[in-house]
Amino acid sequence: MNSGITNNESTFHKVVRLLRWHKPAGRLILMLPALWATVAAAKSQHQLPPLDLLGVVILGSLATSAAGCVINDLWDRDIDPQVERTKNRPLAERSLSIQVGIAILLVSGLCAFLLSTYLSPLSFGLCFAAAPVIAIYPACKRFFPVPQLVLSIAWGFTVLIPWSAVTGGLDHYAWALWLAVIAWTMGFDTIYAMSDREDDLKVGINSSALFFGRYVTFAIAIFLTITLGSLLWLGWEMQLGYTHYFACLTAGVIWIWQCNRLTQAEIPAELYQKAFGQNVWIGFIILAGMLPSTFSLG
């Protein structure tokens, strides 16, 4: 049945699935930390976020996400068919060729490059530094015990690049937000990896969910606590105001609920995807909490 649907599917829709544009949550959860950084960096300079830079950040995160998805699927085209969640991806099911995948990768990479030329020299250099981390992440699942850490480091560039574009440098505020995003990514992507544990064991690839074993929920709680602590410290130091604290409180309550659910003996299969989606909303809540103090110009 899946085969029939695939055969009748247009090339355009296959490309949409390759780029995960039919699943916007993954695109948004990359874009949101970049927007946090743009807004917070503007606040540190007592100015409004530059509209042209916001456009570059949004389009750049979409282009980078697209390239990252294609790189991942090119690396994993022989593994994905053995994993329930990924077996219907276009390169895994051979409904798109490697040549088409490479062509789409080149186009999305070119778009990301052209957008990066708008940025400051430091930001441009950070874009280049991020590229090999993004490229190597899928391979890390084969030899590195905690590949989510590599993904988290890649995610961390979404803070450093726009922050340096706004301020011209990287101060201790930028590194505090970087730490928050690194820990947040470790938290939500470890939850996400929990859904693939059986398949990952069968295929023989690594994940943080397997690495932490029976302590996985405790590890997730630690990562999310670091995220919350870093965001609260940033709010205090930058005087982001009560809306930021309320956003952090809301995030903390949701994270506690998630960790509590993950300790249950019987975990519904849909919980992992639900928790991932909730973290997208948390990203929006934190962004909304930062905006009032920024638009009041301190």
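Let's start at Gln239, which sits in the loop between helix 11 and helix 12 (242–262). Helices here are DSSP runs (H or I, at least four residues), numbered from the N terminus. Gln239 isn't a glycine, yet its phi is positive, near 55°. Gln239 is also exposed, with a relative accessible area of 60%; "exposed" means over 50%, "buried" under 20% and "partly exposed" in between (1.4 Å probe, protein chains only).

Keep in mind that this is a predicted model, where local features need pLDDT of at least 70, side-chain atom pairs count only at pLDDT 80 or more, and totals for chains, interfaces and linings use all residues. Residues are numbered from 1 along each chain as its sequence is written, and side-chain values use heavy atoms, leaving out hydrogens and water.

Now look at His46, in the loop between helix 3 (24–44) and helix 4 (51–75). His46 isn't a glycine either, and its phi is positive at about 55°. With 58% relative accessibility, His46 counts as exposed.

Back to helix 11 (residues 216–238): its axis comes within 8 Å of the axis of helix 8 (residues 172–194), and the two cross at roughly 155°. Those axes are lines fitted to C-alpha atoms over the stretch in contact, with angles from 0 to 180 degrees between N-to-C directions. Helix 8 and helix 11 are therefore roughly antiparallel, a label for angles over 145 degrees. By class, their contact has 19 nonpolar, five polar and one charged residues. Nonpolar covers Ala, Val, Leu, Ile, Met, Phe, Trp, Tyr, Cys and Pro; charged covers Asp, Glu, Lys and Arg; the others, Gly among them, are polar.

Notes
Parallel < 35°, antiparallel > 145°, perpendicular 65-115°, else oblique.
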